[in-house]
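Please keep the structure open beside the text while reading.

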Amino acid sequence: MIIRPRPNGWQLLYILRGSIVPAIAPKVLAIGVLAVAVAAFERYWHPFGRDGVTVVPFTLLGLVLSIFLSFRNNACYDRWWEGRKLWGQLLIESRGFAREAGALLSAEPQLRARVSQLVIGFAHALAARLRGADVAAASAPWLAADQSAVLERRNIPDGLLSQLASELAVPLREGRLDPYLYGQFEARLHGMSSVQAACERIAGTPLPFAYTLLLHRCAWLFCVLLPFGLAGALGWATPVVSMLLAYAFFGLDQLGEEMEEPFGLEPNDLPLDAMVRTIEIDVLDALGDRPLPEPLQPQGYQLR
């Protein structure tokens with residue numbers, strides 16, 4: 001995710017870091033070159049007559065395309081924002097678990113440390129799973145030697161929650177943990193499991209491909225044909241107007257594509273690593289561990 005001060009004045013014209021321009025620059029330049037060629041052809045040969053081609057069809061197509069892009073971008077933003085809310089909920093559940101472990105397991109410090117570290121391991125494992133990274137390597141540092149069997153599970157984050165339940169079931173069976181208090185922990189585990197399932201739903205259910213393909217094709221069709229409609233009326237100004245409109249349509253299309261998968265590594269995706277580090281810091285702080293790791297900071301204005 002891009003983290004930087006809001007630009008003002010002339011900065012709006014030349015900022016590239018955090019902008020969508022680097023991703024769409026080749027497309028916009030291609031439209032600019034095409035527009036120059038069309039403007040020159042129209043200037044010297046007038047293939048469409050002195051009056052040129054009417055811009056009415058392009059106005060209608062542009063209006064329809066902008067509506068479709070708005071719908072798609074709204075759907076993509078909803079996925080991005082839902083993903084952010086889910087990770088916020090995971091932070092709430094993790095802090096709540098650490099707080100309850102501190103209050104209810106204060107007489108069993110070893111058990112408290114084991115289950116708290118499993119919560120941290122779950123956050124690392126879930127982030128790695130959503131980003132297609134090595135889940136076992138991400139969660140292994142937070143497991144005790146006798147918990148390593150969890151790494152053989154196909155769904156390691158779910159295995160970590162099962163291990164958490166098993167660890168808490170031991171004092172429950174031995175009568176050292178009241179069933180009602182165990183239910184409090186189980187509610188936290190259910191909340192974490194719900195967050196995982198919802199994140200997997202977002203990651204595993206992209207927007208319909210046909211809808212995305214239709215918008216890609218319409219954006220290219222509009223931007224490629226636009227210079228032919230503008231050349232007769234605008235002359236040598238055709239490339240400027242064509243590139244500005246191409247920047248708008250290609251930019252909205254690219255931005256929606258990045259936000260459609262909110263858990264990736266694109267500049268505008270969610271900073272999962274930073275949120276996992278926040279959970280790690282808060283849980284370790286509740287345990288009383290020192291020194292605490294530092295929060296992740298943006299590198300080149302990008303927070304991962």
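## Aromatic pairs

In this predicted model, ring pairs link Tyr77, Trp80 and Trp81 into a cluster. The count of aromatic pairs comes to five. One of them is the stacked pair of tyrosine 77 and tryptophan 80, with 5.8 Å centre to centre and 25 degrees between the planes. Tyrosine 77 and tryptophan 80 are three residues apart in helix 3 (residues 56-104), so about one helical turn separates them.

Side chains of opposite charge can pair when their charged atoms come close. In this model the count comes to 16 salt bridges. In one of these, the side chains of aspartate 253 and arginine 72 meet at 3.1 Å, N to O. Aspartate 253 lies in helix 9 and arginine 72 in helix 3, and the pair therefore ties together parts that are 181 residues apart in sequence. Are the two partners buried or exposed? Aspartate 253 counts as buried at 3% relative accessibility, and arginine 72 likewise counts as buried, at 0% relative accessibility.

A salt bridge also joins the side chains of glutamate 167 and arginine 114, at 2.6 Å, N to O. Because glutamate 167 sits in helix 6 (residues 156-173) and arginine 114 in helix 4 (residues 109-130), the contact ties together parts that are 53 residues apart in sequence. Glutamate 167, at 9% relative accessibility, counts as buried, while arginine 114, at 24% relative accessibility, counts as partly exposed.

## A partly exposed pair and a network

Arginine 129 forms a salt bridge with glutamate 200, and the closest N and O atoms are 2.7 Å apart. This pair links distant parts of the chain, with arginine 129 in helix 4 and glutamate 200 in helix 7 (residues 179-204), 71 residues apart. Arginine 129 is partly exposed, with a relative accessible area of 33%, and glutamate 200 is partly exposed as well, with a relative accessible area of 26%.

Salt bridges that share partners join Arg72, Asp253 and Glu260 into one network. The contact described above between aspartate 253 and arginine 72, at 3.1 Å, is a salt bridge between two members of that network.

## Nonpolar surface patch

On the surface, Leu63, Val64, Ile67, Phe68, Phe71 and Leu214 form a nonpolar patch, and together these residues have about 530 Å² of accessible area. Which helix gives the most to this nonpolar patch? Helix 3 does, with five residues, and leucine 63 is a patch residue that lies in helix 3.

## Helix 10 and the segment after it

The length of helix 10 (residues 272-287) can be checked against its number of residues: at 1.5 Å a residue, its 16 residues should span 22 Å, and the end C-alpha atoms are 23 Å apart, which agrees. Buried residues in helix 10 are Leu272, Ala274, Met275, Val276, Ile279, Glu280, Ile281, Val283, Leu284 and Leu287, so that glutamate 280 is listed as buried under the limit of 20% relative accessible area.

Glycine 288 follows helix 10, and its phi is positive, near 90 degrees. Further on, a cis peptide bond joins arginine 290 and proline 291, with omega about 0 degrees. Proline 291 lies in the segment after helix 10.

How values were computed:
Residues numbered from 1 in each chain as written. Predicted model: local features only at pLDDT ≥ 70, side-chain atom pairs only at ≥ 80, totals over all residues. Heavy atoms only, no water. Helix = DSSP H or I, 4+ residues; strand = E, 2+ residues; numbered from the N terminus. Expected span 1.5 Å × (residues − 1). Buried < 20%, exposed > 50% of the residue type's maximum accessible area, 1.4 Å probe, protein only. Phe/Tyr/Trp six-rings, centres within 6.5 Å; stacked < 30°, edge-to-face > 60°. Patch = residues over 30% accessible without salt bridge, like charges linked within 9 Å, V, L, I, M, F, W, Y side chains within 5 Å. Areas by Shrake-Rupley, 256 points an atom, 1.4 Å probe, with all protein chains shown as cover. Salt bridge = Lys/Arg side-chain N within 4 Å of Asp/Glu carboxyl O.
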